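Hi,

Here is the structure I promised to pass on. Have a look at it first, and my notes follow below.

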Amino acid sequence: MLKPGHKLHVYSTLLIFTVALLAASVIADDQGSSQNRQIELKQQFQIDHPQTGILEEEGLITRIYGQSFANGSSPENSARIFLSQYAELFGITSDQLQEVGPFADGRHEVPIMIDHESNQSKFTGLYYQQHVNGIPVFRSRLTLLIRNIDSYPLVLASANIRDLSGFQAGFAPRALNPFAGYKWAQRFNSKLHNFTAPELVIWAGYEENTVDEPTLAYMFIGDDGLGDGTSTRYLFVTDVVTGNILFYEDQIHDVDVVGNISAWASPDHRADACITEVLMPMPYARATIGATTAYADVNGDFVIPNAGSDPVDVNSQVRGMYFRVNNVTGTNSSLTLNVTPPGPADFIHNQGGGELTTAEVNAYIEANTIRDIALQANPSYPVISSQTNWPINVNRGFNCNAYYNGTSINFYTSGGGCNNTAFGDVVHHEYGHHLVASGGSGQGAYGEGMSDIMGVIVTGRSELGIGFNSCTNGIRNADNDCQYQTTGCSSCGSQIHACGQLLSGCFWDMRENLQVTEPVNWEEISRDLAINSILLHSGSSITPAITIDFLTLDDDDGNLENGTPHFDEINNAFTAHNMPYGPPAPPPVNNGCIGALPACPGTLTGTTIGATNLGSSTCGDSNDSPDVWYFYTPMTNGSATISTCGTGTTYDSVLSVHSLCPGIIINQLACDDDGCGTTGGPSTVTLDVNEGVTYFIRVTGWSGASGDFQLNITGPACDGTCAADLNDDGVVNILDLIELIQQAGPCEGCPADLNGDGVVNIIDAYLLILNRGPCP
């Protein structure tokens, strides 16, 4: 049949032309397998967008990035076009995505990266929640980032989507037991007795929590009702029938309390014990006359309506439009002035000083400081932009800690060698956890690192927590050399506070780089990138995907490959911590069964480095491993041996042979791992082959391994005819492709059926393209 041996170049325009004309035959060949469709779509996407990268983690696509990959008349239109074509890349259909964001108000659309001159957003973020039959999948979402310019290019897809192919969210109503989970939660922790109403979800795993089969579940929160420093609060996901706990997560996020901290009442954000207090305005503070309320501006100035000119009592507490401070240990500070309109009624809180009242005003001022900064970066930030009267609890009767619990931020009194924790970047850090949660992300190491960044943004210091227990030293430092590690999180440690320094270290270095190249607005640039990047993150891990997020937000033309306005400043910073930007390199030409290269008896060399996973087999734990492909068409019956034995193979290879494309388990003919005699070494297979039949060879690796290989084939020689020359003019070209298209469909014995499977389809088209050129 086909004559192998030509070094061929596949042109994307020819491939796209072929894909479009043969789509119907591909669909006819598809046996309904979701895996087949994903593989086909991934190959088609890489053909259509060769400079756009696909980042996969644990076999799931987590980012599509690089050059823009969809355009439309609006952000929504660009998103719809992409989803209608490529939703199945993520193992779902577009109707399994609801226009619901991971925010408390569920908003679908969020402006991102505000131009502070025009007050227009650079990007629009569109958020989708995965669901099946209207039931949400636990923490599974898709975020699409669109540039707000002509044609609205889609520049980033950030995904945390679970494969639910074949799952049916169905149970008989009598089988559901919404309260059984409460009992299991109380067995887990006997202190829990307050529970939120159970919400029906689909549990399909979360980050490192993997499952063999998804299932219906209930999600709820349980706490002990104390609401103090010893409070216990957990989120649970429990089996919908038995109540067994499938997943739990502590909702209390502590800060390690060892060090110095800035004072709220000082211009340097240090702990009160470390610096002399100064008079500072209380922004947005509340003033009342009876039932009449007014709020001050950022400078503390207010105007309160009043009828008449008789003297009135005006009251002020340590609370305002956005925050309400509760003094847990004692009575909330309150001042009342009797004034004759129009006054002035000038209040000065904390005139006598003292730890408890200083903690009140410090926490109030610093919380408003970081909130204002977050909204300068994004005035439409979810939850934060509209949240009012949010609680801050100070002077809790414990020492050396502070925490965020999802509903408030909380600070401890002095003692145990520590100062009162209601100050400076401790407050910024705890409110940073609220920014992370409101932005739809998980916490963990990511939450700790991003919350530390909030402190750096406000204070301008790399050292965090100065004044916590010493006025000279901090508890963590963003000016560090923490290195990203695929296991153990970072060289600074795997504990979440230690690992969080990896992210703050990247930010600090970026900030330093920008200060050199952008001496006027470096603070604004670094602030905007950090705060808006939260809206692109999901989960609790710190990985190089964050580098992609920062660069995409900085980009101005939808193409990361030609750089971004601050590419060097950003990438050099992340590279210094072993999280460099990985440009999406085109995969090998034979990275896919339908792009297989010809192979005949003899020895070939190749590599799987840079390839993606586009097949599966039953051996070698290789179903998520990079793979490349070859085809072999013997001219006589016989036995063939295919191996990667030899010194040219440098990694733990896996081999399989398949009868059709895409090459997956159901059409596997042979498979081997380590057959050359060395555990963790190369592989070999032997099988009977038939004249004129095409066999597809998958070269991959054990458990994600990749590297260089030599491919050895012994067996019947290849067919020496020029079968792809369908019009017999001595050359394989576009005329032969047109002839093949005219014969598309079931066609037993047709000349265009180049692989002899009884159907003329896209596989035959690729075999023709691979033999493009003059016949021998």
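Against which strands do the buried residues of α4 pack? They pack against β8 (194–195), β10 (215–223), β11 (233–239) and β12, where contact means heavy atoms within 4.5 Å. The buried residues of helix α4 (residues 180–188) are Ala180, Gly181, Tyr182 and Ala185. Buried means under 20% relative accessible area, exposed over 50%, and partly exposed in between, with a 1.4 Å probe and protein chains only. Helices (H or I, at least four residues) and strands (E, at least two) are DSSP runs, numbered from the N terminus.

Before the rest, a word on the basis. This is a predicted model, in which local features need pLDDT of at least 70 and side-chain atom pairs count only at pLDDT 80 or more, while totals for chains, interfaces and linings use all residues. Residues are numbered from 1 along each chain as its sequence is written, and side-chain values use heavy atoms, with hydrogens and water left out.

Glutamine 251 is buried, at 13% relative accessible area. Its side chain makes a polar contact of 3.2 Å with the side chain of glutamate 249. A polar contact is a pair of N or O atoms within 3.5 Å; within protein, one must be able to donate a hydrogen and the other to accept it, and residues adjacent in sequence count only if both atoms are side-chain atoms. Leaving aside residues up to four places away in sequence, the residues that glutamine 251 touches include Arg233, Tyr234 and Leu235, as well as Tyr404 and Asn405.

Now to the core. The largest nonpolar core has 90 residues, and Ile112, Tyr364, Ile392, Phe411 and Ile542 touch the most other members. Such a core is a set of buried Ala, Val, Leu, Ile, Met, Phe, Trp, Tyr and Cys residues joined through side-chain atoms within 4.5 Å. Helix α5 (residues 355–377) gives the largest share of this core, 11 residues. Not counting residues up to four places away in sequence, phenylalanine 411 touches Ile392, Val426 and Val427, among others.

Histidine 428 belongs to helix α6 (residues 424–438) and is buried, with a relative accessible area of 0%. Its side chain is joined to that of glutamate 366 by a polar contact of 2.7 Å. Histidine 269 is 159 residues from histidine 428 in sequence, yet the two are 9.9 Å apart in space, C-alpha to C-alpha.

The contact includes Cys506, Met510 and Leu514 of α8 and Ile570, Ala573 and Phe574 of α11.

Finally, some backbone details to check. Most residues other than glycine have a negative phi, and most peptide bonds are trans. Methionine 113, in strand β4 (residues 109–115), has a positive phi near 65° and is buried, at 10%. Serine 703 also has a positive phi, near 50°; this residue is partly exposed, at 40%. The peptide bond from cysteine 661 to proline 662 is cis, with omega near -5°, and proline 662 lies in the loop between β28 (653–658) and β29 (668–673).

Best wishes
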